[in-house]
Amino acid sequence: MLSRFLASRNDLTRGDDPFFQLQRELSRAVDDVFRGAAGPRMPFGGGFAPSLDVKETEAGLELTAELPGVAESDIDLSLEGETLTLRGEKKEEKKTEERGLHMQERSFGSFRRSLRLPFAPEPGSVSASFDKGVLHVTLPRPAKAEAAENKIQINGPKG
């Protein structure tokens, strides 16, 4: 065992080095924490985080969320001041039957995404539509109050 640790550098890069294996496992664990145990590309392992696109327009903001496999009835969209929250639950079931092979997989998971907006839209002016697994939300910018001009007099040097 000691000879393994005293081996030349070339031997340690082979992949059977215990420190290399430990580093690889730690890297994998850290990646899993920041990526999540499962993501949109791995739906059968755990959580689901919908992809969001936010675009600023002259009228306000437009948000698009990709929610494949999520029913409209399983989506909750709420607005509190400057925070927009999208919650929901994904329930997916796959069945395969071909040439004597019968397979069924189920995936369930809830998600929640909250976004802090650069302004607080009027709740009655926000609109949302859902079509073919894509949620579109329009958040109009509130009418700006006329800016009061506070002119400050600049005086010359005191003397």
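Modeller: Two strands are said to pair if DSSP finds at least two bridges between them. With that in mind, and remembering that this is a predicted model, we can look at strand β2, residues 60-66, and strand β7, residues 134-140, which pair in the antiparallel sense over 7 bridges. One of the residues in this pairing is E62, whose bridge partner in β7 is T138. In general, the strands of a sheet are joined through backbone hydrogen bonds, in either a parallel or an antiparallel way.

The two strands belong to an open sheet of 4 strands, with antiparallel pairing and the order β1-β2-β7-β6. At its edges are β1 (51-56) and β6 (127-131), each of which pairs on one side only, and from one strand to the next the twist averages 15 degrees.

Within strand β2 we find G60, which counts as buried because its relative accessibility is 1%, under the 20% cut-off. Not counting residues up to four places away in sequence, G60 touches K55, F119, L139, P140 and R141. G60 and F119 are 59 residues apart along the chain, yet their C-alpha atoms are separated by 9.0 Å.

The largest nonpolar core has 16 residues, and those with the most contacts inside it are A65, L67, L86 and L135. Strands β2, β7 and β4 (83-98) each supply at least two residues of this core. With residues up to four places away in sequence again left out, the contacts of L86 include A65 and L135, as well as P50, L52, I75 and F111.

Key:
Residues are numbered from 1 along each chain as its sequence is written. This is a predicted model: local features need pLDDT of at least 70, side-chain atom pairs count only at pLDDT 80 or more; totals for chains, interfaces and linings use all residues. Side-chain values use heavy atoms; hydrogens and water are left out. Axes are lines fitted to C-alpha atoms, for helices over the stretch in contact, and angles run from 0 to 180 degrees between N-to-C directions. A nonpolar core is a set of buried Ala, Val, Leu, Ile, Met, Phe, Trp, Tyr and Cys residues joined through side-chain atoms within 4.5 Å. Buried means under 20% relative accessible area, exposed over 50%, partly exposed in between (1.4 Å probe, protein chains only). Contact means heavy atoms within 4.5 Å.
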